[in-house]
Structure formats: structure tokens, C-alpha cells
Amino acid sequence: MLNGERKIPRPLRWAMIGGGRLSQVGYKHRSGALRDNTAYQLVACAFDIDAARGRDFGINLGVAADRCYDDYHQLLSEEAKRADGIEVVTIATPNGTHYEITKAALNAGIHVICEKPLFFTSAEAREIKALAAAKGLIVGVTYGFSGHPLLMQMRAMIANGEIGEVRMVELQYTHGFSANDSADKFSESQKWRVDPKIAGPTFVLGDISTHTFYISQLVLPDLHIKSLLCDRQSFIPSRAPLEDNAMVLMHYEGGAVGRMWASSINAGSMDSQFIRVIGSQASLEWSDYNPGELKYEIQGKPTQMMHHGMPYLDESALACERLGALHTEGLAESWANIYLKFAIAISAQQRGDQQTLDNLIYPDINAGLEGVRWIENCVRSADNGSTWVNYE
Ligand code: NAI
């Protein structure tokens, strides 16, 4: 169980680029990173595309005025001059800026925590992976819910053979917030999401399905896609060529099959993410709508509902529990868990602790690369008339 006590020798000097006052995701980063008060100190920022608003926001959060910068170029160059300059930066800007900012930060010798989808192409992701390796720097990707303890439980039970041989993986990340186009015109956060120049080659596939795809990789690390078929469409025509709805069928190596439904036009739905893994003897099911429970169904026996924080869980799940059974453990705790793992990875890298790095399970550069690869294969299939394509 985590209690906030320090897990690394000292807090890392941390900055944020993007994630400003009006952003959707900025607060999740800050509450994740600063939750324990022993892993990060927010010491610098370039929070906003509007420099004055970003500076005002930074000062209100307690960042020193002379370390609230106009943009990321200034942040990286000024911090490099300081003996106590930043060690790690979070990039929480719209998708189209991730690659150039990540590259600039790594070239400045700074560890990176970046939003998903990481980049537009897997070639960019491979280039950045090589750059990070050459520089000896960590790149983490914020698949927010992937730090939930019950996903570690799911991973452990599947690895222990408690559902038998995996036959089917059902994935879903849907909501109805884009059922009409009003936000496309008026919401700053939505406008860029339907603009391919900024969002990249997809809307919902990149925006939401990458989360659930990573969760499937987290709980099923040995399952690899062999081929897939993606059907994507835009029910709001102005969003084309980007999709507001997509369905993907998958064939895995070894014979298992899967499907993913990603949608922002699931009108009225507040369900968000769902994963069900069906084995030859039993199934496991988890949803972030009710994240504190993991459904375990053995064929021919009564359903078991496993609760977070209970002593019958695997030690890997209990190790990232924060609040204990009976008390709601959700998105904020999950963000704190992945931020803590980023900090442990960065600290291990700084101290040359390879054993820690080898055993740490967290969304790293490979997880970011795999998300981009997933999007690329989906688009290739969809643009090829929604036909089966080999997974490349
Ligand atoms: P948003 O449009 O709500 O906010 C973007 C923020 O970045 C704003 O504060 C804006 O002023 C700032 N910004 C834009 N360009 C900048 C630049 N060049 N330099 C500094 N600041 C800049 O966008 P939202 O929804 O917060 O998304 C940001 C990123 O986070 C996207 O990549 C998105 O896919 C991802 N995201 C991830 C979530 C998760 O659960 N991990 C949830 C929501 C978004």
C-alpha cells in the first residue's frame, strides 16, 4: 500500500508545458504528480499558448514569476542555465506539438512525460525512442487510468492461468460528448481534435482508443496483434476525414480474437472504458465507470466481484493501492500511481539502477510507440476499404 512516503531520494524538479488554466487535462497531471509531495516539485512552466495567461496561472499555482516562461523554447533555454534547472517536463499540449517539444526537451537533456497520442507516426516514435536511449532519458506517456490497482490484478490473474487460455478481448472507449457538432465550433479543446493538422490522422482512435489499447497491452503483455480490420466513419460530416466512430476487429498471434469500439457519438453514454478478457475457463471484466470492482466469472460457478484493497488480491495490485478497501479508488489515484512510476524510473535512470528499470511496469516510450502503431494500422485498414491488413 502506498502512503505518500518517499520512494526516491529527493523530489524531481518538474515543469509543465501546456495544461494551462482552461485545459482539459492539466489538473490531472498536477494532482497526479504532486499527490505525494515527495516525488515532484513544480518549479517552472510554460502553461499556455497565451503567455500572459500562462504566467498568471503559474504564479497562482505558486511557481516563481521568473520561472513562468512565455513558451517552451524559453523554458528549455533558461532552465538549462540554472544549476537547479528542471530535470523532467510534462507536455500536455495538443497532439500536433508533442513531437517537436519532446525532441527539444530530450536534446536539452530533460526527461519527458508526454500526453497521448504520443506522435503522428511510428517513424517519429522510433526516432524519439532512439534519441531518448542515446541521451539516457526516460519518456513516459500518460494513459491515465492504467495505474489502477485492479488492472495489475487482472494482469496477475491472466498470467497465473486463472481464466485459462485467452480466447477473446473486448475493448470499448465511448462517450456521447460529440454526438452533435456544437463543441466543434465553440470549444477550444474540441476544435483542434477534429482538425487533422493538429489532431493527427484520427479523432477517436487517437483521442480515446489508445488508452484502452494500452490497458489491453498492460493486462495481456504476451498477446500480439497479427492482423486487423478497421471501419471508421464520421457521423458529423464536417469531421471527415477524421472519424467520430470506429470499430476494429483483431486477430492475435496464437488464435485469440478481439474487438474495439471507440466512439464520441455514443449519445447519452457515460460509460467510458471497458475491457473484458474471455478465457477458456473464465472471464475478467473491468470498467472505469466503476473502477473499484473487477468481475471474475468462472464458467458454471457464481460470479465473483473482487474489490480493490482487499487482502485476497495479488501483491502487485495491493502494492499500488492508496486508499484502502471501502473508499473509492479511482482516476486521481491512478494518475498518482503512473506519475510515481515515472519518478521512480527517472530516479533509477539517474542513479544507474538498471534492476529497478527492468522490473518497473509503466507506460513508457514503447507504450507510446505502440499506441501510434495501433492508430497507423487502423487508418491503413480503414483507408483500404475497411479490409483486413497485416499488423505492421
Ligand atoms: P486543451 O485544448 O483543453 O488544452 C491545451 C492546453 O495547452 C491549453 O492550456 C493551451 O493554452 C496549451 N497550449 C497549446 N499549445 C501550446 C504550446 N505550444 N505551448 C504551451 N502551451 C500550449 O487540450 P487537452 O484536452 O487538455 O489535451 C491536451 C493533450 O492531452 C492532448 O494531447 C490530448 O490528447 C491529451 N489528453 C489526455 C487525457 C488523458 O486522460 N491522458 C485527457 C485529455 C486530453
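Visitor: Why is Leu 229 called partly exposed?

Guide: Leu 229 has 18 C-beta neighbours inside 10 Å. Buried needs 20 or more, and exposed needs 12 or fewer. The value falls in between, so Leu 229 counts as partly exposed. Bear in mind that this is a predicted model.

Visitor: Where is Leu 229 found, and what is Leu 229 in contact with?

Guide: Leu 229 sits in strand S7, residues 225-233. Beyond its neighbours within four places in sequence, its contacts are Val 248, Leu 249, Ser 381, Ser 386, Thr 387 and Trp 388. Take Ser 381: it is 152 residues away in sequence, but the two C-alpha atoms are 5.7 Å apart.

Visitor: What makes Trp 286 buried?

Guide: Its count is 25 C-beta neighbours inside 10 Å. The cut-off for buried is 20 or more. Therefore Trp 286 counts as buried. This residue belongs to strand S11, residues 282-287. Leaving aside neighbours within four places in sequence, Trp 286 is in contact with Leu 150, Leu 151, Met 154, Ile 275 and Leu 294. Leu 151 is 135 residues from Trp 286 along the chain, with 8.0 Å between their C-alpha atoms.

Visitor: How do you know whether Ala 92 is buried or exposed?

Guide: Count again. Ala 92 has 24 other C-beta atoms within 10 Å. With the threshold at 20 or more, Ala 92 is therefore buried. Ala 92 lies in strand S3, residues 88-92.

Visitor: Why are Asn 37 and Leu 326 called exposed?

Guide: Asn 37 has 11 C-beta neighbours inside 10 Å. Leu 326 has 11 other C-beta atoms within 10 Å. Exposed means 12 or fewer, so Asn 37 qualifies, and so does Leu 326.

Visitor: What is the phi of Asn 37, and what is the phi of Leu 326?

Guide: Asn 37 is not a glycine, yet its phi is positive, about 65 degrees. Leu 326 is not a glycine either, and its phi is positive at about 85 degrees. Asn 37 is in the loop between H1 and S2. Leu 326 is in the loop between helix H11 (315-318) and H12.

Visitor: How do you know that the buried residues of H2 line one face?

Guide: The buried residues of H2, residues 51-60, are Gly 54, Phe 57 and Gly 58. Viewed down the helix axis, they fall within an arc of 100 degrees, so they line one face. An α-helix has 3.6 residues a turn, so residues three or four places apart point the same way. Ala 52 and Asn 60 are exposed on the other side of H2. The buried residues pack against strand S2 (40-46). After H2 comes Gly 62, with a positive phi near 100 degrees.

Visitor: What puts the buried residues of H3 on the same side?

Guide: In H3, residues 72-80, the buried set is Tyr 72, Leu 75, Leu 76 and Glu 79. Their arc around the axis is only 90 degrees, so they share the same side of H3. His 73, Gln 74 and Ser 77 are exposed on the face turned away. Strand S1 (12-18), S2 and helix H4 (98-107) are among the elements covering the buried residues.

Visitor: Which values describe the packing of H1 and H12?

Guide: Two packed helices are described by the angle between their axes and the distance between the axes. For H1 (residues 26-34) and H12 (residues 331-351), the angle is about 65 degrees and the axes are 7 Å apart. The crossing is right-handed. H1 contributes Lys 28, Ser 31, Gly 32 and Ala 33 to the contact, and H12 contributes Ala 332, Trp 335, Ala 336, Ile 338 and Tyr 339. By class, the contact residues are six nonpolar, two polar and one charged.

Visitor: Which residues does a cis peptide bond join, and what is omega?

Guide: Another joins Ala 240 and Pro 241, with omega about 10 degrees. Pro 117 is in the loop between strand S4 (111-114) and helix H5 (122-135). Pro 241 is in the loop between S7 and strand S8 (245-252).

How values were computed: Residues are numbered from 1 along each chain as its sequence is written. This is a predicted model: local features need pLDDT of at least 70, side-chain atom pairs count only at pLDDT 80 or more; totals for chains, interfaces and linings use all residues. Helices (H or I, at least four residues) and strands (E, at least two) are DSSP runs, numbered from the N terminus. The arc is that of the directions from the helix axis to the C-beta atoms. Two residues are in contact if their C-beta atoms, placed from the backbone, lie within 7 Å. Axes are lines fitted to C-alpha atoms, for helices over the stretch in contact, and angles run from 0 to 180 degrees between N-to-C directions. A crossing is left-handed if the near helix is turned anticlockwise from the far one by less than a right angle, and right-handed if clockwise. Ala, Val, Leu, Ile, Met, Phe, Trp, Tyr, Cys and Pro count as nonpolar, Asp, Glu, Lys and Arg as charged, and the others, Gly among them, as polar.
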